[in-house]
Structures are given as C-alpha cells and as structure tokens.
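Q: Hi! Could you walk me through this model when you have a minute?
A: Happy to, let's open it up.

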Amino acid sequence: MRRGAECHRSVNLGPGSPSAHFGAMLSPEAERVMRYLVEVEELAEEVLADKRQILDLDTKRNQNREGLRALQRDLSLSEDVTVCFGNMFIKMPHPETKEMLEKDQDHLNKEIEKIRKQLKVKVNRLFEAQGKPELKGFNLTPLNQDELKAIKIILKG
C-alpha cells in the first residue's frame, strides 16, 4: 500500500489476473484504452496520496508550533514539562523538550518541501498522460532572504 493511501484500487492486466481473461475478449483498441485509464487512475491516486500526506505532516507541524509557543510562554526552565507522544504522557526537561520539538519541526519542514517537489513532477506526469498542457508557473520557487534583500537594494536605487 502506498504511503498515506487509505485504499487502493488497481486493475492488473498481467497474465493470470481476472482482468487478463477479460482483456482477451477486448479488442486491441479497448485494451489500449483500459491501460490508459489505469495509468491515469494510478497517477491521480499518487497525487492524492501525496496531498494527503502533506496535510498530515502540516497538522503535525502545527501541533509542534503550538507546543513550542507553550514552552516559550512557560519561563520556568528548571521544571519538567509533560509531553504527549501518541496516547502517552511523559515528563521531560524543558530544554530537551524544546530542542526535540525544534528538530522535529525542521524534519517536518524538509519532508513537506521534498513531497511538494515530487508532487509537482507527479502532477505534470498526470497532465501529460491526460493530454493536457503543462501548468504554467507551477515550477516557480519563492525568493530567499538574500535575493529579496538584493531586489530591495536595486529598487531603492
């Protein structure tokens, strides 16, 4: 099963599958259409699974952000804090908890960015399989801080 997919449907046209016996009754044109539809369906499922995984990771990232803000408000660094891991609560030292959440936040940010880059490729493959033109402006990336500063300096003249 693919990551993030709750259910997976596939049509197997390989030898010995029920679809292969059905495929023997299909004309070559109908068989080609069937393969095309299966390919488009699989590509669409991959796109949806990646979008769902991004949503799940983003939810975790927001929970981490809430935890970090709560730690910032709590200024008593000497006391242990209670952290929820799944369905279990554990007492941990304040600084270690903050460091753990920050590392997890970095990991989540990198993972979301990686999936978004892969998603762009998958969406383009899906559009290509459907015979649609590639999305314009879909591969744009935001300016980083250095590039933004350079543009501000240029605009001030």
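**A chat about the model**

Q: Let's begin with helix 4: which residue caps its N-terminal end?
A: Asn144 does, with a side-chain oxygen 3.1 Å from the backbone nitrogen of Asp146. A polar contact here is a pair of N or O atoms within 3.5 Å; within protein, one must be able to donate a hydrogen and the other to accept it, and residues adjacent in sequence count only if both atoms are side-chain atoms. Helices (H or I, at least four residues) and strands (E, at least two) are DSSP runs, numbered from the N terminus.

Q: Before we go on, what kind of model is this?
A: This is a predicted model, in which local features need pLDDT of at least 70 and side-chain atom pairs count only at pLDDT 80 or more, while totals for chains, interfaces and linings use all residues. Residues are numbered from 1 along each chain as its sequence is written, and side-chain values use heavy atoms, with hydrogens and water left out.

Q: Back to helix 4, what span should its residues have?
A: Its 12 residues (145–156) should span 16 Å at 1.5 Å a residue, and the end C-alpha atoms are 17 Å apart, which agrees. The expected span is 1.5 Å times one less than the number of residues.

Q: What comes just after helix 4?
A: Gly157, which takes a positive phi of about 70°.

Q: New topic: how much space lies in the largest pocket?
A: About 420 Å³. On a 1 Å grid over the protein atoms alone, a pocket is an open set of points where a 1.4 Å probe fits, with protein on both sides within 12 Å along at least five of seven lines; lining residues have an atom within 4 Å of a point. Grid points are joined across faces, edges and corners, and the volume is the space filled by probe spheres set on the points.

Q: Which residues lie nearest its centre?
A: Gln63, Asn64, Val83, Cys84 and Leu101, out of 17 lining residues.

Q: Which element gives the most to that lining?
A: Helix 2, with six residues. Helix 2 (28–73), strand 1 (80–85) and helix 3 (94–130) each supply at least two.

Q: And how does the lining divide by residue type?
A: Into 10 nonpolar, five polar and two charged. Ala, Val, Leu, Ile, Met, Phe, Trp, Tyr, Cys and Pro count as nonpolar, Asp, Glu, Lys and Arg as charged, and the others, Gly among them, as polar.

Q: How many salt bridges turn up in the whole structure?
A: Eight. Each is a side-chain nitrogen of Lys or Arg within 4 Å of a carboxyl oxygen of Asp or Glu. One of them joins Arg61 and Asp58 (2.5 Å, N to O).

Q: Is Arg61 buried or exposed?
A: Arg61 is buried, at 13% relative accessible area, whereas Asp58 is partly exposed at 24%. They sit three residues apart in helix 2, so about one helical turn separates them.

Q: What about Arg35, which partner does it meet?
A: Glu31, at 2.7 Å, N to O.

Technical notes
Buried < 20%, exposed > 50% of the residue type's maximum accessible area, 1.4 Å probe, protein only.
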